[in-house]
Amino acid sequence: ENDRLTDLNLSKCSITTAEAFRNFLQTNVTLKTLNLSDNPLGNAAAPLIIGLKSNEMLQTLIMGDCKLTTKMMEHFGEVFKVNDSLLTLEIPYNGITRYGAHVLAEGLKDNNGLITLDLNGCSIGTAGATSFAEMLKKNKTIEDINLGVDPMSERGGHVEQQGALQLASMLRVNTTLKALRLPCSGIEPHGAVFICQALHFNTTLQTLDISGPLTDHIVYRQPLQPTFHIFGDENDDEEDDVDIVQKSGITGGITESREAAITKRQHEAELRRQRKQRLMSRLTGVPGFDGRIGIEGARAVKDMLTMNNTLTELDISHNVIGNAGIKLVCEGLKDNTGLVGIDLSDSNINEQCGRHVIKMLKGRADLNMSLRYMVFWGAEIGQTQINLIQAASARQWITIWAYDDNPLFYMPDRDD
């Protein structure tokens, strides 16, 4: 009966059933934001989702880490076929899988309401990214989408370069999307090339996040040492065979059947040794899945910045592009007139990159005042070089973040 409540936050309340929310959503005409994050709802969230079919007031639904399943995505897909009032859906860190992404995308193809969709950490994989790319070719309302991956996930749902290719194809025809976020998505150098080349022609996208995983995440994904079934020590097989003969009381020689059994056992032991050797040779020196854009990706970013003046926020942090990559990015920034902020944190750079940044800052036209923020958190640049960079940036009032890990694009006191 409350006619004033507009925002309701029930996160971390250990809610395990949503039956009461069905009637609530059907009768309430004031609630605009509902946050149920960190509640282990799972399939029990079905009544709430179904209740959205008849609700025309709720604008924002947040259900991060609620153990939502593929079945719940089927319900969401049906809801979006009839509900055009929900503007923001945030369901990060739920195991929706590739099929869940597909059915959700199918429901959104003809939706005319949703603006923001957050699926970060849902491990939708290449197939899921392809489904959303096809959806965004048709959908005309979604402006902000996050398809990032949980870097610690064992589901292996990275977008990878094939998914990046499909998203790049979408960017060539979509004229609505303003923010594409792909953190830790493992798009690799070729994926970065695909997306950056698409931005040569796209004139609507303003925010691009292709940041890579942390070093700890890469270490976590290294292959484990193989575990073999314990058959015993194969090197002792021959001695064991002799023991069997002695214990059997055979002293006058080995019969043909016993000799055949020993030969078969030795042959099987040799096959086991060969299989183990082949497996070890495949795993030795093989790194875990990396997915970072590297120097080739940095070159693609440079070419994109030369051509595109629409993009305002770019995050390529944690991609280990090195000093050579920073040089390329600076070449692209020199004449760019659109970018407002760029995050280059944890790029495996040192003080030698300082001269490239200073040269870029001094080479920018006096009237080119677009660039406002550059983040170098985690870089081993050194105080002397930081001072020189800050001195070069003062001419155009550019803020340099070098030691603070505050997020660049989410600072509450940012003065645009």
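Biologist: How many helices and strands does the protein chain have?

Modeller: The protein chain comes to 14 helices and 12 strands. Those are DSSP runs numbered from the N terminus: helices are H or I with at least four residues, strands are E with at least two. Heads-up: this is a predicted model, where local features need pLDDT of at least 70 and side-chain atom pairs count only at pLDDT 80 or more, while totals for chains, interfaces and linings use all residues. Residues are numbered from 1 along each chain as its sequence is written, and side-chain values use heavy atoms, with hydrogens and water left out.

Biologist: OK, what share of the residues counts as buried?

Modeller: Of the 416 residues, 48% count as buried. Buried means under 20% relative accessible area, exposed is over 50%, and partly exposed is in between, using a 1.4 Å probe on protein chains only.

Biologist: Which members of the largest nonpolar core touch the most other members?

Modeller: Met 63, Phe 76, Phe 132 and Met 374, out of 97 residues in that core. A nonpolar core is a set of buried Ala, Val, Leu, Ile, Met, Phe, Trp, Tyr and Cys residues joined through side-chain atoms within 4.5 Å.

Biologist: What does Phe 132 touch, then?

Modeller: Not counting residues up to four places away in sequence, its partners include Ala 101, Leu 104, Ala 105 and Leu 108. Contact means heavy atoms within 4.5 Å.

Biologist: New topic. Where is Lys 12, and is it buried or exposed?

Modeller: Lys 12 sits in the loop between strand S1 (7-9) and helix H1 (19-27). Lys 12 counts as exposed because its relative accessible area is 66%. Its phi is near 55°, a positive value in a residue other than glycine.

Biologist: What about phi of Asp 38?

Modeller: Asp 38 has a positive phi of about 60°, although it is not a glycine. Asp 38 is in the loop between strand S2 (33-35) and helix H2 (46-51), and at 34% relative accessibility it counts as partly exposed.

Biologist: Last one: how far apart are Arg 299 and Val 193?

Modeller: They are 106 residues apart in sequence and 8.3 Å apart in space, C-alpha to C-alpha. Arg 299 belongs to helix H11 (residues 294-307).
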